[in-house]
Amino acid sequence: MQDRKRYIVILAVLAVLAVVYLVRLFNLQVLNKSYKEKANQNAMRYITEHPARGLIYDRNDSLLVYNDAAYDIMVVPNELRDFDTAELCRVLDITKEDVIRKIEKAKKYSVILPSIFEQQISKEDYGFLQEKMYEFPGFFVQNRTLRSYPNPIAAHILGYVSEVNEQDMENDNYYQMGDYIGKSGIEKAYESVLRGEKGKRVVLVDVHNREVGRYENGAEDVVAKPGTSIWSTLDLQLQRYGEELMANKRGSIVAIEPKTGEILCLISSPTYDPNLLVGTARPKNYAILLEDSKKPLFNRALMASYPPGSTFKLANGLIALQDGIVTPSTIYSCSGGGYHIGSHVVHCHNCGGLNIYSAIQRSCNSYFCRAYYNILSNRRKYKTVQEAYTAWLDYMHSMGFAQKYETDLPYELKGSIPSADYFDKKYNKSWNGNTVVSMGIGQGEAAVTPLQMANMLAVIANQGYYIKPHIVKAIGRKDNPNTQFSEKIVSKINPEHFRTVLEGMKMVVKAGTGRGAQIDGISVAGKTGTAQNPHGADHSVFALIAPADDPQIVIFCLVENGGFGASVACPIASLMAEKYLKGEVKRKDLENSMKNLSFR
Amino acid sequence: MYNDLNRKNTKGIDARLLFYYIALVFIGWITIYSTCYIPDGVNALFDISKPYCKQLIWIGTSLLLGVIILLIDKQIIQNYAYYFYIFCLFLLVLVLIIGTEISGAKAWIKIGDFSIQPTEFMKVATALALAKFFNEGKTSAEKRYVWLIAGGLVLLPIIVILLQHDTGSALVFLSFFILFYREGMSGMLLLLVFIAGVLTVITLKFNELYAIALITAVFIYFMIKNRTQKKLIKRNIIVFVISIVFVFSVNLLYENVLEPHQKIRVATILGQTSDPKGADFNLNQSKIAIGSGGFFGKGYLKGTQTKLKFVPEQSTDFIFCAIGEEWGFMGTLVVFFFYLALIYRILLLSEKSRISFVRYYGYGIAGIIAVHFFVNIGMTIGLVPIIGIPLPFLSYGGSSLWAFTTMLFIFIKLNDN
């Protein structure tokens, strides 16, 4: 009986609970209308707040990149109702087929999440549409920002941003359809700094597609964090000036502040206006640039491998001094008009007997051929030519050749200086210093990038070390230096040898092949070069360090098909140095004639 | 006792239980399909990445499991009850060591792509172990310890599950008190639990001073009433002191032991804080979904709130939202009918059965299913704090469906004579 009673009690408790629940549910579902209204109002719209990307300044606080307002029309397929297609087409200047196609595409992505319907409409169209938005349920306008460049310069370094692709979204789930991402240059290297953090706004939308308010008073909203600004190492004035000088020429100028490794300018010519790769015009313009036979997208400063020409003699001279092959007083004679290998002669200018200073000053081929041969034939120190060559390559490597710096620069290439193995294969292990002697004067197999050459100049200017060349000086605030690339990399050459070579370079400008580089009141060190080009006229090359006694800037300039180093690259590098050190250029005639030179 | 089990009875497999089971599983599956349904999109039935396809696999394997259970000798089920209990307990402890954490609870063992939640099977195992324990009959000397041992069998898994931070599942084990009550545990004890609950709510919702005032008032009333009976006065004083200590320890526990998210959930139910981003937001969305269903609902596959993912966990713990939204109060009634009918049928058969083992087991699982049902629905409409436990037979998930299928089919088998 007791059991029976408890069974009834249990059933009763369950029944009471069920009744309480059902009453509550009846109240909630049938009697209380407020939830229905809430659900209707609950047409919440998640609007992504795109933060403004960080700005990019040059080293003197001049603006290089800023943001412009733009407006995207978004569509939520599920919220679409009948609308006047013709009117929409008229406002946006698109066809009815476009509308159908775009809506189909949006549906494929999501029927409930917004997709971009039309990108970056003009401010006028936006103003017009904003008033008529209620006629187009399911559409709304979202603010965006676009990159803009007050000066059309430094396109290669600044890089560009574009919409993310599938791959980007897969790599980082921060990105969603329609987001922008830095695709090259500083924009890519500093994407995480520049992009900021997206926010979101949850708004309630009424049946007329109008925002009626913030959902839960904005409790769900997340404020977008604007991107962090960046100070580049570039000098806007110098960069612009260099691009002007290089107009109508092919080639590159790289200038570095040697003490810091900061790149002052990085010019690759021909270049393009970075404003071309912004917004909706980007795909079209990109295709045009890509097909351009002059290859404006190709960043010669970092990607082109050139034979270094006579400027390479500086590095070889340093190695010869370091290995004790020559001393500053060693004299090599070049009787017979050059360096003889059997019946072959590497010609020079019949210099007579020269020490290393004069050899640099007069760019004597025979001196450096002999020095290079002697480096590779130094059997007291190296048992075989392979060993000697590998040691030489090691010196080169310590001065920054044959490697990528992997700092914050876009798409560098490492150039190429072949290994001993390469020659073993090529000459079936039977080769000696004379076989590869052309590398002693910067011809032959060695190929370097303009950036590497400029870096070597920095090693000379610093008398033995370099800091990896980089392009960003400060992040967030100007007094918050970018310290990730401040390590000193010391070369394997003793400091005194740099003083010897620098002395020779001063003589080049004072009374040698580079007299055109002289600047009033500043002592300039330099080295000309003429890089043999199997495909056409030689490349004109000049390496410059100024002021020679307290180097502030090193410049490497290469003009493709420009002929002798002294004739084109030398005056251009000199003008650049003058511009940087003095702020303005007095030699207007020279400036104009250089600007007007054309080697297309 | 075992002879009872072999006694012939012509009833056979209970068709109604089987029908309720199939109906609930069916309702569950069509609802899961609806929650993942993409309007105007591709909804391939055999897309293994979709929950409704996986659930089809769980249903298929569950049916297979059911058939196997029906084929097993019931003697085996009884004989192995303790071993099953120990095995599941072992798995629970194993989870603590090698388990995977999913939404805050370390309650899952991951095997390849699938996760198993041993807690679900522990419920069946505990029901079986308790049935076997009660069935063994006690001499009067042992009787004293019956409740202690039975309580221990329930407490052991509770402790391990609490260590996994799966408070919701741990609470479910308290449902065995329904069995204890049926088997003669003092009703006073349940009443005490009820009073403790009331005091807890008062303490947390208002202030411990209110609770103390109430206790004091009641105490004074009884002191005046029983002023002549010395024995009762002594008892009253003891109860008074225990109550006061209880109230203070509730406060202490709440402040120091509960995790922050649990505090928020409790506070939300008590109407103390408004936390629109957390628990309150979910509850609000859940209520909007159910409430917007109206009497007849918005129609199958036409729910907007659940589709727009306003409601969290809509195919698992919050599956009732989708039913409430798309089928309205009618859907609510249907779901209630099947659950109440199922629970009533189990209790009725348990009560009628001449085999005590069936009764013990039946009360055990009826309690489990009832607590799951009322707590799950209660949390979607704001009657119970949000604790993540599934709706039996309906919610998406392999472990849960397998466990509840096992639970029910063992009962069907034991009851089949």
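Select Glu49(A) and Arg201(A) to begin: their side chains meet in a salt bridge, with 3.1 Å from N to O. Bear in mind throughout that this is a predicted model. Side chains of opposite charge can pair when their charged atoms come close. Over all chains, the search of the whole structure finds 35 salt bridges.

Next, select His50(A), which sits in the loop between S1 and strand S2 (56-57) of chain A. If residues up to four places away in sequence are set aside, His50(A) touches Gln142(A), Asn143(A), Arg144(A), Asp179(A) and Lys198(A).

Some backbone geometry in chain A comes next. Select Ala154(A), in the loop between strand S5 (139-148) and helix H6 (155-158) of chain A, where phi is near 60°, a positive value in a residue other than glycine. Then go to Ser269(A) and Pro270(A), which are joined by a cis peptide bond with omega about 0°; Pro270(A) is in the loop between strand S12 (262-269) and helix H11 (282-291) of chain A. Another stop is the peptide bond from Ala546(A) to Pro547(A), which is also cis, with omega near -20°, and here Pro547(A) lies in the loop between strand S21 (539-546) and strand S22 (553-559) of chain A.

Now display both chains and colour them separately. The interface brings 32 residues of chain A into contact with 49 residues of chain B, and the two chains bury about 3,700 Å² between them, 69% of it on carbon and sulfur atoms. On the chain A side, select Arg6(A), Tyr21(A) and Gln29(A), the residues that lose the most area to chain B and that together account for 20% of what that side buries. Between chain A and chain B the count of salt bridges is 0, whereas 8 residue pairs, both residues at pLDDT 80 or more, are found in polar contact across the interface.

To see which elements build this surface, highlight H1, helix H2 (34-41) and strand S1 (44-49) of chain A, each of which supplies at least two residues of the side that touches chain B. H1(A) provides the largest share of that side, 17 residues. By class, the side of chain A that touches chain B has 21 nonpolar, 3 polar and 8 charged residues.

The last stop is inside the structure. Rolling a probe the size of a water molecule over the atoms shows where empty space is left. The whole structure holds 3 cavities of 30 Å³ or more, and the largest cavity contains about 40 Å³ of space. To outline the largest cavity, select Ile10(A) and Leu14(A) together with Ile178(B), Ile343(B), Leu347(B), Tyr363(B), Ala366(B), Gly367(B) and Ala370(B), which line it. Helix H1 (2-31) of chain A, along with helix H15 (319-352) and helix H16 (356-380) of chain B, each supply at least two residues of this lining, and H16(B) gives the most, with 4 residues. Colouring the lining of the largest cavity by class shows 8 nonpolar residues, 1 polar residue and no charged residues.

Methods. Residues numbered from 1 in each chain as written. Chains lettered and ligands numbered in written order. Predicted model: local features only at pLDDT ≥ 70, side-chain atom pairs only at ≥ 80, totals over all residues. Heavy atoms only, no water. 1 Å grid on protein atoms, 1.4 Å probe; cavity = no way out; pocket = protein on both sides within 12 Å on 5 of 7 lines; lining within 4 Å. Points joined across faces, edges and corners; volume = space filled by probe spheres on them. Nonpolar A, V, L, I, M, F, W, Y, C, P; charged D, E, K, R; others polar. Contact = heavy atoms within 4.5 Å. Buried area = accessible area lost by both parts, 1.4 Å probe. Salt bridge = Lys/Arg side-chain N within 4 Å of Asp/Glu carboxyl O. Polar contact = N/O pair within 3.5 Å; in protein donor to acceptor, adjacent residues only side chain to side chain.
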